[in-house]
Amino acid sequence: MIITIPWLKEHLKTNLGESEIVNQLTNIGLEVERITERQDKSKNFKIAKILKAEKHPNADKLKVCEVDIGDEKIAKVICGASNAREGLVTIYAPPGAVIPKTKLELKISKIRGVESNGMLCSESELNLSNESEGIIELKNKESQIGKNYFKSKTEKTIDISITPNRGDCLGIRGIARDLSSSGAGKLIPLKKKKIKQSFKHLIKTSIRKDRNQGCLSFGSCYIKGITNKESPEWLKNKLISLGLKPISAVVDITNYVMFDLNRPLHSYDADKIDSEIIIRDAKEGEEFEALDGKNYKLKKGMCVIADKSSVLGLGGIIGGTKTSTELDTKNIILEAAYFSPSSIRKTARDLSLDTDAKYRFERGIDPESISEGLEIATGLILSICGGHASKFMITGQSYRKNNFLKFDIDKFEKLIGISIGLTEAQKILVSLGFKCKKSKNELKIEIPSWRPDIKQDVDIIEELIRIKGFNKIELIEPERNRKKDTLNFKQKLFHLSQRSLASKGYLETVTWSFTDSKIDKQFSKGEKEIFIFNPISADLNVLRRSIFSNLSTHLKKNQDRGYEDISLFEIGPTFFGKNPGDQQVVLGAMKSGKIGRKSWIDQERNVDVFDIKGDVLKTLIELGLDENDLFVSEKTKDCYHPGRSGSITLKSEKGATLAYFGEIHPAIIKKIDFKQQNIFGLEIFLKNIPEPKKKNRLTKKIFKASDFQKSERDFAFIIDKIFKIGLLEKIIKEIDFSLIQDVNTFDVYEGENIPKDKKSVAINVTLQAADKTLSEKDIDQICKKIVEVVKEKTGATIRS
Amino acid sequence: MSDLDKINSIFNAKIDSVKTKIDLQNIKTEFFGKNGQITQQFKKLGSLDQNKRKEFASNLNKIKDDLTTQIEQKNLEIENFEINEKLKNEKVDITLPARTYQKGKIHPVSQVIDEITSIFSELGFTVAEGPDVETEYNNFTALNTPEDHPARDMHDTFYLEKNKKLLLRTHTSPVQIRAMLSGKPPFKIIVPGRTYRCDSDQTHAPMFHQLEGLHIDKKITMGHLKGCLDYFIKEFFEVKNIKMRFRPSHFPFTEPSAEVDIGYKIENEKIVIGEGDKWLEILGCGMVHPNVLINAKVNPKKYQGFAFGMGIDRLAMLKYGINDLRAFFETDFRWLNHFGFDPLDVPTNYRGLSK
């Protein structure tokens, strides 16, 4: 809502200056968003003197003038005026100036082959008079050459953000009322001139009894014999000051009353109405051409103002071209009505229409303002356009009883924390237009018709504290008292996993929860896509089903910028359905490029699947899982390289999936067109990490360390190529938990000297007993057992 | 001069010129070897008469001990010298690059969520969460924003279906409803999370982060709200004093409603929070509307309290001098490195929120 201080002061008697008013507006909840100074174009016009006036070489009636425009500058201007002559002091408009009469901006141009820098002006061109013969002749202004001709006047507009509950402040008077209540001044009573209403209304109007009729009340006045014309300066200036375009007196008056009093009005050319006015439901598919020049197809349930033959307007939203008021209109119907906010809102939304009237009606107009609006607007029309007004005709609900509320004053203190006196409360409410009666501890309050937002006690409390001032509320120091854990188990995991992965060299990123369906499909085959009905763009049209969808896009962007050895991760939701809760938290990471690129000391190498495997295992261990519970298998997903990826399940292959990891599928890498194609990913599913039943300290084994010497033995097995080494290690470990402390594979070899379907595996076994130092004999015994068991379970032989 | 004195002076003359272990070994052999000078003297012992033998033996042992110590000392000297000589040749250029390592970073949004959580944890708030996809009812209707309410226009909503029943939550407030429906009062929660609006330009992103706060009990007033937020803002910005104002506003789910502005100024092109004559809006708050309590099955005659909501990204921008919201979500390696936080830099109340 835009206001100007002079206009505000027509309703508010105040000694406050602009900045105090602006502060006060913000303090009472009418937040000032912007103060704009309107550019004053008139300062362009300068007093100038013609130094030389010569005949144009190519035109008889034109002159080429050299003009002194001050600051020792000379402008060459082509002028057609007969009085342009040497020594004349006149008004010069430079290029860029907008000529008030024509509203055209001056440009440097060639006139018949000679360049003209600006223009010398006539009175008519400056809207000073109708005198268009010759340019202005200024007398006794020689000393002011170069100065502005017009006194510069700057007008500021104040843009106030009106919250949706305060429809009543969508008129300048409403804002003045709020300000007066806060002590910023006095509300000036409305001046009402009695209008002469000499005849009976000439057109029958009726509200048809439709289901959910959107129009509750329709008032109108027939005004005949008017002369519609350009509005007088004061009215035009008012509309211009709010950034509106003046159209004609009748239209301007309806707009003026709307912005002044928050009372939307509409005028119809009465001669174009077919017999009568009927307010009714639109017929399905009925068409109507609105004043915005567009054709609208209407639906049943939309409230229209119609005559016998067609639709004249969408009630409370926009008028139609059929009965629009033009400069030659002689007889009009002036309308002031009340439409239900929900009906207005529904119609406007269905048709994607937004108008000043719609904005006001959907927030609730004062239903009691119908006759007042008609009176004021009719008065203005009669005085500007002449004519004769009929008696008003108001159909539908003409009277509405105000709502009452009994308010217990103690409720204020209970909610706000400070008290308010009955008298103070009454004063505030009365100044806002409420009527109040005191009794004991209570106020009996009558709510004014323009405040549909006030319904219950809290609404009254808000009015009171808003005007009293939020700064009066005393703050109460918070108690520092923690009775419950701040985070639950899953939240702790979230927090820990972020820092765990970051500590392994990954950069955390946050990306949209939605993504490009084309990319998402790559990572989530066979799952149903979750479309967004109104996406922000076509390539952000689905909720992501994989944490990789966005990570991969961003990894590519970084690669394209030249950053190839990069590790990124994100922790956030992925979705598996469109219902609330069909989502899970996934910790996802991507790692690409090389390790030790161009190192002076190490051989550079590609990142590989065992790098990502190390990261995923260490992260899971840091999240509290026991290393022995992490079961690694080659079970994988489609988005990974089938041979270089795997999963980690809890305890056994059948356990819950804790993570996937591995090389991203080469087909996807090709499709996304990565510059650096060595890319690995990991996904950890936090929901599958079980919450321990007891604290770690309670389940930890008693500390026992053997004081006896440990021994190590190396084995080289020849084993089937396809045999999983993880299983081989497990088999060895299980041979004797008390003696075998560690099993570690340190070499795998395939090739020369080894049969084609076999591989050689070198394994180091650490042996230690709790009760003695192992003798050679003991060691030989267990080694023999290892060889035997391995042979029996895997068919492996010792390499000789 | 006795034989022993002679041996002693010969030894002293020789030991000084010893430079290597070989020299030392030679001396050792010369004096203590099979035919060494000291050994020879011991051999003499048997031929001496009893009277002289005792004295001689004592002197001889003294000299033997003395020379042995000197040899040991010399040995240490030589070893030291040799190590030092060896180390001289082992010098590397320590300014050469170390083996490469990657520095991981925590995103500013995560860091700021941890900071905020740490502050509210002190006051006894617990963290609650809710789904990103919400029902139209939880996101709007239950929060006292019926379908024909113009306040819905303030939220440009992403919908999942044409019938607009399912949507991406436009704020974290629906978690108020979920939390209250699934428990019994009192409630004291904060809710950080992703929120979505169909809006994208220089200062708006289609996804951003909000933090909701809710405190419902029997006697919670607007004075508590003011105290809580005053405490939070000072803690978060790590300043003792801060200019702050509560300004009346409107949210359908709170009444009275307020927006909170903090004072700031620009100094050397940098924003200084807490002082100055400019105002910056940082959060919205108010007393929970009785209609919301009723919708959440809480008796408004018995319970009341406050709620607030703040933009996490915006708070991060203000505190850490980040001026482009869009960059938060663009995953630029350079940006993440520049604005990200070390993973060990965990905000805590005893160590301080930030380095």
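Because the model is predicted, local features are described where pLDDT is at least 70 and side-chain atom pairs count only at pLDDT 80 or more, whereas totals for chains, interfaces and linings use all residues. Residues are numbered from 1 along each chain as its sequence is written, and chains are lettered from A and ligands numbered from 1 in the order in which they are written.

Let me begin with chain A. Its secondary structure comprises 19 helices and 45 strands, where helices (H or I, at least four residues) and strands (E, at least two) are DSSP runs numbered from the N terminus. The radius of gyration of chain A is 42 Å, while a compact globule of 800 residues would have one near 28 Å; the radius is taken over C-alpha atoms, and the globule rule is 2.2 Å times the number of residues to the power 0.38. Along the principal axes, the C-alpha atoms of chain A fill a box of roughly 130 × 90 × 60 Å.

Of the 800 residues in chain A, 38% are buried, and here a residue is called buried if 20 or more other C-beta atoms lie within 10 Å of its own, exposed if 12 or fewer, and partly exposed in between, with C-beta atoms placed from the backbone. Turning to contacts, which require the C-beta atoms of two residues, placed from the backbone, to lie within 7 Å, residues 24 or more positions apart account for 68% of those in chain A with a separation of 6 or more.

The domain assignment of chain A gives domain 1 (2-38 + 154-187), domain 2 (41-144), domain 3 (197-396), domain 4 (404-468), domain 5 (489-688) and domain 6 (705-798); these bounds come from an automatic or database domain assignment. Between domain 2 and domain 4 of chain A, the C-alpha centres lie 65 Å apart.

Now to an open sheet in chain A, in which 5 strands follow the order S6-S5-S4-S7-S12 with antiparallel pairing. At its edges stand strand S6 (74-79) and S12 of chain A, each with a single partner strand, so one side of each is left without a neighbour in the sheet. Two strands are said to pair if DSSP finds at least two bridges between them. Strand S7 (residues 89-93) of chain A is mostly covered, with 4 of its 5 residues buried. Strand S4 (residues 46-55) of chain A is joined to S7(A) by 4 bridges in the antiparallel sense, and here Lys49(A) stands opposite Val89(A). S7(A) also pairs with strand S12 (residues 119-120) of chain A, again antiparallel, over 2 bridges, and Tyr92(A) has Leu120(A) in S12(A) as its bridge partner.

Elsewhere in chain A, helix H7 (residues 356-363) is mostly covered, since 6 of its 8 residues are buried, among them Ala357(A), Phe361(A) and the charged residues Lys358(A), Arg360(A), Glu362(A) and Arg363(A). What covers the buried residues of H7(A) includes helix H5 (249-261), strand S25 (332-339) and helix H6 (341-351) of chain A. Just after H7(A), Gly364(A) takes a positive phi of about 100°.

Between the chains, 77 residues of chain A are in contact with 70 residues of chain B.

Chain B has 11 helices and 10 strands. Buried residues make up 42% of the 355 residues in chain B.

Finally, strand S4 (residues 187-196) of chain B has 9 of its 10 residues buried, so it is largely enclosed by the rest of the structure. S4(B) pairs in the parallel sense with strand S1 (residues 126-127) of chain B over 2 bridges, and in the antiparallel sense with strand S5 (residues 207-217) of chain B over 10 bridges. Val127(B) has Ile190(B) in S4(B) as its bridge partner, while the partner of Lys188(B) in S5(B) is His215(B).
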